[in-house]
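Here is a structure to go through by question and answer. Each answer sets a value against the rule behind the term.

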Amino acid sequence: MNKMKGLVCKECKKAYPAEAIHVCEFCFGPLEVAYNYDAIRSVISKEKIQQGPKSLWRYKDLLPIEGEPTAGLNAGFTPMIHAKNLGRILGLDRLYLKNDTVNCLTLSFKDRVVAVALTRAKELGFDTVACASTGNLANSVSAHAAESGLRCFVFIPSDLEAGKILGNLVYKPNVVAVEGNYDDVNRLCSEVAGEYPWAFVNINIRPYYSEGSKTLAYETMEYLDWQAPDHVVVPIASGSLLTKIYKGFHEFESLGLVGPVVTKIHGAQAEGCSPVAEAFKEKRDFIKPVKPKTIAKSLAIGNPADGFYAVKVARESGGLIESVSDEAVVQGMMLLAQKEGIFAETAGGVTIAVLKKLAEQGVFKRDESVVAYITGNGLKTQEAIAPSVGAPWLIQPSLMSFQEALKKSDALKEEGDR
Ligand SMILES: *Cc1c(COP(=O)(O)O)cnc(C)c1O
């Protein structure tokens, strides 16, 4: 079966072969993978998916590779939890959290896109992989390149969190820290990609890379007994993830794996970098680039490549795109940790804060199913939350010292309240 027909321009629909290209040479629109859905329909089934590997590769029939996967064999298939504590606070009986903070290999949703991108890059014969990254992508490309024995260059803004910089260096790729923001890094990488025959996973390999995000939608529906949820809340950086979650729901619908999809797709940004939320609110169909200034560095893209499409998807699905302050982001991180035990990075704080804002606006009905995507791990963005978490009690190694500290604390009072 040849499931991939090739690439097609999202705007003018001109067809291209499935190579390492990403822009239409006629209208400059983005290229997308075109599938042979009739062929896919004849081989895919719920049973076949259920018998597949416990990774995103159980959906291999809907991913843009020709042979067998060769990178990220354990990516995806992350836990989904019924968040009863948080749900009680927000007035939601069916709140679910998709926990990509424990994705494999590098604790963010980017392991999904990199699994697909690197498998495809190898199929296309590349021996060097690269990326422009806000942090998590660089971590994932570095790890998977190391595992695959590929040469690797990652380009990052120089002011990233320490955990994200170290999370590259440990794999020994070539780490290029650029004195500028992500949009500067991305512009530079487009030039570098023109000079060197490398697989830039989010530039010339982007049509394949972005498809990996669809697996978050597939896993959601499979978990919900083959149903799409009523609402999802998705963090937005370039906007790719949000558009691909929408695509994933509708692919399952058109393949007959789920019934009619009415999922409202809501987007989440930080106020300090909210060009997509602003375009949505002002009912514009173009993005006005901004200069990012937020603690949610993984989402800090001022000129998002898929921003226009993200606005369109939110609108068409009946969803909203909201933004929240950095203070609300920190509160969102704390709320998620303290109610559900998940230590997410700043992007997770953005998602939870927007979820809360939408719940307070009455966007969800109590019995509707709502899924929030928690896309990165809090251990990588410790700087953002360190000033808010307090400090441990410092005591001498004696019972008396402990009891003195206990007396000074609120813990005894709580003990009495029990
Ligand atoms: C990259 C990233 C996203 C979203 O990325 P898109 O560019 O919108 O696809 C969300 N959360 C985290 C933690 C990320 O690293």
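Q: Where is Leu-105 found?
A: Leu-105 is found in the loop between β5 (94-99) and α4 (110-123); helices (H or I, at least four residues) and strands (E, at least two) are DSSP runs, numbered from the N terminus. This is a predicted model, in which local features need pLDDT of at least 70, side-chain atom pairs count only at pLDDT 80 or more, and totals for chains, interfaces and linings use all residues. Residues are numbered from 1 along each chain as its sequence is written, and side-chain values use heavy atoms, with hydrogens and water left out.

Q: What is the peptide bond from Cys-104 to Leu-105, cis or trans?
A: The bond is cis, with omega near 15°.

Q: Why are α5 and α6 called roughly parallel?
A: Helix α5 (residues 136-148) and helix α6 (residues 162-169) pack at an angle of about 20°. Axes are lines fitted to C-alpha atoms, for helices over the stretch in contact, and angles run from 0 to 180 degrees between N-to-C directions. Angles under 35 degrees count as roughly parallel, so α5 and α6 are roughly parallel to each other. Their axes are 8 Å apart.

Q: Where is Lys-13 found?
A: Lys-13 is in the loop between β1 (4-9) and β2 (15-16). Lys-13 has a positive phi of about 70° although it is not a glycine.

Methods:
Parallel < 35°, antiparallel > 145°, perpendicular 65-115°, else oblique.
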